[in-house]
Amino acid sequence: MKEFTIHTQVKVYQEQELSDEDRALVEAAREATKRSYAPYSKFYVGAAARLANKQIICGSNQENAAYPSGTCAERTTLFYANAQYPDQPVEALAVAAQTQGSFLAKPISPCGACRQVILETEHRYGKPVRILLYGTEGVYVLEGIQSILPLQFDQDCLL
Ligand code: THU
């Protein structure tokens with residue numbers, strides 16, 4: 001028997017420690033929560049992607065009475081960014097969530113399906129997506145999806 005350990009490093013920043021462009025991205029994700037359509041969960045999630053040309057694209061979760069037809073904020077945002085600006089690599093993605101009128105103290109982390117879509121975005125553009133997960137107690141920063149999506153299924157598995 002052999003075993004190996006998978007390591008996840010999360011940097012936790014106070015908002016004022018972030019660079020101006022990362023702070024602006026987090027603010028855009030917070031703003032995007034206001035455009036969430038979440039009448040069922042009442043869990044309002046916003047995301048903001050920064051493209052290589054520095055344009056910021058926002059999205060939010062969009063729910064549906066047929067629950068599985070809804071989509072998370074991360075996927076709404078990445079699919080829109082990739083569909084509208086296919087030639088612009090996604091540099092960074094910020095996520096924020098609020099419920100019962102306040103932002104969460106601890107950040108939420110993308111669901112499994114969204115992690116897989118972030119992975120595809122990284123492969124598509126050949127570079128990691130910097131991920132900023134906003135919580136009022138601190139912003140978790142991940143340098144790419146690798147550390148929270150180990151043992152990945154990607155295009156190499158299809159060969
Ligand atoms: N949701 C997101 O938009 N992003 C996440 O990272 C986690 C969950 C949404 C899906 C659903 O509309 C609501 O939050 C409750 O799960």
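Ile 6 has a relative accessible area of 39%, so Ile 6 is partly exposed. Keep in mind that what you're looking at is a predicted model.

You'll find Ile 6 in the segment before strand S1, which covers 11-13. Together with Phe 4 and Leu 151, Ile 6 makes a nonpolar surface patch of about 360 Å².

Now, let's go inside. In soluble globular proteins, nonpolar side chains tend to be buried together. Here, the largest nonpolar core has 23 residues. Which residues have the most contacts inside that core? They are Leu 78, Val 90, Leu 93, Ile 118, Val 129, Ile 131 and Ile 145. As for the elements that give two or more residues to this core, we've got strands S2 (43-51), S4 (90-99) and S6 (130-135), plus helices H2 (73-84) and H3 (112-125). There's also a second, separate core of 13 residues, and Val 26, Ala 28, Ala 29 and Ala 94 are among them.

Leaving aside residues up to four places away in sequence, Leu 78 touches Val 90, Leu 93, Val 117, Ile 118 and Thr 121.

Next stop, a serine. Is Ser 36 buried or exposed? With a relative accessible area of 13%, Ser 36 is buried. Ser 36 lies in the loop between helix H1 (20-32) and S2. And what does Ser 36 touch? Again not counting residues up to four places away in sequence, the list is Phe 43, Tyr 44, Val 45, Ser 60, Asn 61 and Gln 62.

On to the charges. Side chains of opposite charge can pair when their charged atoms come close. How many salt bridges does a search of the whole structure find? The search finds 13.

Let me show you three of those pairs. In one, the side chains of Glu 143 and Lys 11 meet at 3.7 Å, N to O.

Another salt bridge joins the side chains of Arg 50 and Glu 91, at 2.6 Å, N to O. This pair also links distant parts of the chain, with Arg 50 in strand S2 and Glu 91 in strand S4, 41 residues apart. Arg 50 is buried, at 4% relative accessible area, while Glu 91 is partly exposed at 24%.

Then there's Lys 34 with Glu 31, at 2.7 Å, N to O. Lys 34 is exposed, at 59%, and Glu 31 is partly exposed, at 30%.

Some of these names come back in a network of salt bridges, which links Lys 11, Glu 21, Asp 22, Arg 50, Lys 54, Glu 91, Arg 130 and Glu 143.

Last topic: the strands around S7. S1 and S7 pair in the antiparallel sense over three bridges, and Tyr 13 has Val 139 in S7 as its bridge partner. S6 and S7 also run antiparallel, joined by six bridges. There, Leu 132 is partnered with Val 141 in S7. And how do you get from S6 to S7? Through a hairpin of two residues.

Technical notes. Residues numbered from 1 in each chain as written. Predicted model: local features only at pLDDT ≥ 70, side-chain atom pairs only at ≥ 80, totals over all residues. Heavy atoms only, no water. Patch = residues over 30% accessible without salt bridge, like charges linked within 9 Å, V, L, I, M, F, W, Y side chains within 5 Å. Areas by Shrake-Rupley, 256 points an atom, 1.4 Å probe, with all protein chains shown as cover. Salt bridge = Lys/Arg side-chain N within 4 Å of Asp/Glu carboxyl O. Helix = DSSP H or I, 4+ residues; strand = E, 2+ residues; numbered from the N terminus. Buried < 20%, exposed > 50% of the residue type's maximum accessible area, 1.4 Å probe, protein only. Core = buried A, V, L, I, M, F, W, Y, C linked by side-chain atoms within 4.5 Å. Contact = heavy atoms within 4.5 Å. Pairing = 2+ DSSP bridges.
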